[in-house]
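Please view the structure first.

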Amino acid sequence: MAKPQSQKANKLRLLPLGGLGEIGMNCLVLEFGQDMVLIDCGVQFPDSHWPGMDLLVPDFSYLRERLDSLKAVVVTHGHDDHIGAIPYLLKEKELDIYATPFPTGLISQKLTEHSDLNEVRFHKIENRKKFTIGPFTFDPIPVQHSIIEALAFAIETPVGTVVHSGDFKHDPHETSQGQIGFEPFEEWGKKGVALLLSDSTNAERPGHTLSEMEIKDSFTDIFKKQTGRMVIALFASNIKRVEKLLQLAHSQGKKVAFAGRSMHSYTKLAFEQNSLKIPPETLILLENIGMFPDDKIIVLVTGSQAEPQSALLRISEGIHKDFQIRQGDLVVMSSRFIPGNERAISKMIDQLYRAGAQVLYESIHQVHVSGHGQQDELLMMLKAVRPKCFIPIHGAYRHLAKHAGLAQEAGVATENVQVIEDGQVVELSEKGVELVEKLELKKTVVVGTSFVEGSADVFTQRSNLAKTGIVFAVFMRDAKNLKLIAPPAIKSYGLLYFQGENPDYVAEDAEEHLEEVYYDSLHSGELEEALRLEGRRFFKKRVSHKPVFIPLILDV
């Protein structure tokens, strides 16, 4: 990684280590002089380009070179894409973490899964109660999101106030956490805000995000029409939706069971912190659902994204130990299909139908609303804050670009709107924002709970192996005269053969052909490369994809 330029006086440096130009892995460096603070430190869940990998975490190289300067991590909320990488940062140094109680509890749970961590010190954040870290003073502002205790921050710095929106939406009808609006942002807007950093996830969507009350109305109707058992899949972190479903079930005399490890752990933590109210005689154990009529049973499960080993996926495959789908069951998918998961989710829905269930999901029934504001709410934030400068955060590049256009529509001068991606260092001064050096970031890969090393080429190779297959050809020869003792031994894995091709015949033909190539190239000085290239050419004609071909020459 290129080293940054020396810190310039009276300039705030901002460096996104994740979350800009991509979804997930949110992590932002704020740096002034010798003091550095992170806002969030999240993970990203790998797609098919990262076969066999469990998690991706930010590149900590920049932090590693300045560990003494890193004063704290400040947490906006408890989703994994904002807190999941904190245990991996704790492998580097001890940390002060500022968070509200719910994300603190979630982080503490994650730490129990790791060993060899440095000391962590938690500091409790309270709404609108300011706290100071080095040259930064944070004003925590409650916002609405799909998880409780979500925060934005107004951050007073030596070069002006920076507002970080966190993940937010605006739902004027949802008052379970008290009335939450834009008034605090208007207060800061009147004082003057140098820079707004704002959530861009739904910047492409016009209008206003639907209210959770509309979801409640939909579920009220669904519950009234229930004739068989009902399974509702949702994110366990959506505590307020879980609470509404429990209350609704109680009002209609139904029983609720939980399935899925995170459903149990998240609700237990929220209940212990008095953030989740469970109506009396409503919650039952999953193994006891047979004691009640089918139309009185609701099961809240995790696995709406068809995650491997998740409760709903195991139910769809018929391998869950406590619950099997049967004719007449209704499955409600109360979450959106996260991009990249569509194929796995569709396959799971098909399996549920095959088992006899009916399935409702967002595109055919109003059973989910987003936790991220759409264009109307993004404009409301911009008009409340009235920033001098604007940088969109949290989204793919198209989301950031669209949000930048909204900022200009809201009156931010074009020259003060910057669309940046991970690794781009920005300096904020009284004059405005300036793009300086661009650092080359490499995602850090995790398998289990450990870092694994691999260049970009290695991960490309792993992805290619999944697509093309691999062929080994072993050439055993006499060490003295270099003549082959036997025909080449061909062993292949993962090849797809064209219709009509017999794998045994293909292998025999390959042996014959490669034996000729061996003798033709024996004294060329590039024997292995000649065998590799000719082996790939041969198989390209007989199988669906040109495989990885590895010749092994053994002298005996």
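**Helix pair and sheet**

Helix α11 (residues 375–385) and helix α12 (residues 397–409) have axes that come within 10 Å and cross at roughly 50°. α11 is therefore oblique to α12. The model is predicted: local features need pLDDT of at least 70, side-chain atom pairs count only at pLDDT 80 or more, and totals for chains, interfaces and linings use all residues. Residues are numbered from 1 along each chain as its sequence is written, and side-chain values use heavy atoms, leaving out hydrogens and water.

**Terms**
- Axes are lines fitted to C-alpha atoms, for helices over the stretch in contact; angles run from 0 to 180 degrees between N-to-C directions.
- Angles under 35 degrees are roughly parallel, over 145 roughly antiparallel, 65 to 115 roughly perpendicular, and the rest oblique.
- Helices (H or I, at least four residues) and strands (E, at least two) are DSSP runs, numbered from the N terminus.

**Helix contact**
- From α11, Gln 375, Leu 378, Leu 379 and Leu 382 meet Lys 402, His 403, Leu 406, Ala 407 and Glu 409 of α12 (contact: heavy atoms within 4.5 Å).

- Strand β25 (residues 470–477) runs parallel to β27, joined by 8 bridges.
- Ile 470 has Val 548 in β27 as its bridge partner.

Note on methods. Pairing = 2+ DSSP bridges.
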